[in-house]
Amino acid sequence: MQQEIRILPMNETHIPAIAEIERQCFSEPWSEKSLEEELGLQYAVFLTALIDDRVAGYMGTQHLGGCAYVCNVAVSPAFRRRSVASALIAAQIDAARAAGMIEMTLEVRTSNEAARSLYEKFGFFHVGTRPNFYSHPPENAEIYTLTFE
Ligand SMILES: CC(C)(COP(=O)(O)OP(=O)(O)OC[C@H]1O[C@@H](n2cnc3c(N)ncnc32)[C@H](O)[C@@H]1OP(=O)(O)O)[C@@H](O)C(=O)NCCC(=O)NCCS
């Protein structure tokens, strides 16, 4: 049976679990302190996905100059392929539209086929490549944009 995914604004109590997911997912994870700093930013929209009250994933955007810039999206390995990232992106798109943003944009490692497939499924358009954008290991970034109607 599909478990219910609840999407809530990120709060302090979610941060230790989100920082752990960051460490599981990325070579340069966001720290608890950098996540806490986002809570104080008026233009930051950070959302947590809960399943059975456990933190399954999170996604953060910053609304700047009419554009919702995706800072990160990550799902715990224990909760992958259960539409958690899809629920987070859908909620972020709703929030960006409601705030009057005209587009959402992001970068992703060229080799990250799972994430690229996720973004393409949501209609993001590949608009270019940023050479050597990432380190640890060095890699190009692919830039994707979703323009709202
Ligand atoms: C990418 C990631 C966020 C996907 O999270 P998820 O909750 O498992 O994704 P969903 O279940 O919502 O999947 C939605 C779509 O994403 C794509 N997708 C997700 N995982 C995939 C995989 N392992 N291989 C290929 N496509 C994948 C598929 O198109 C999928 O649609 P489908 O289920 O109809 O095939 C997750 O794998 C993750 O946290 N990865 C590590 C962190 C990361 O790379 N973040 C992105 C940084 S830019």
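Select arginine 109: with which glutamate does arginine 109 form a salt bridge? The partner is glutamate 139, and the closest N and O atoms are 3.1 Å apart, a salt bridge being a side-chain nitrogen of Lys or Arg within 4 Å of a carboxyl oxygen of Asp or Glu. Both arginine 109 and glutamate 139 are buried (under 20% relative accessible area, with exposed over 50% and partly exposed in between, for a 1.4 Å probe and protein chains only).

This is a predicted model, in which local features need pLDDT of at least 70 and side-chain atom pairs count only at pLDDT 80 or more, while totals for chains, interfaces and linings use all residues. Residues are numbered from 1 along each chain as its sequence is written, and side-chain values use heavy atoms, leaving out hydrogens and water.

Next, select arginine 130 and glutamate 107, whose side chains meet in a salt bridge at 2.5 Å, N to O. Arginine 130 lies in strand 6 and glutamate 107 in strand 5, so this pair ties together parts that are 23 residues apart in sequence (strands are DSSP E runs of at least two residues, helices H or I runs of at least four, numbered from the N terminus). Glutamate 107 is buried, at 16% relative accessible area, whereas arginine 130, at 36% relative accessibility, counts as partly exposed.

Now colour the seven strands, which form an open sheet with mixed pairing in the order 1-2-3-4-5-7-6 (two strands pair if DSSP finds at least two bridges between them). At its edges are strand 1 (5-9) and strand 6 (125-134), each pairing on one side only.
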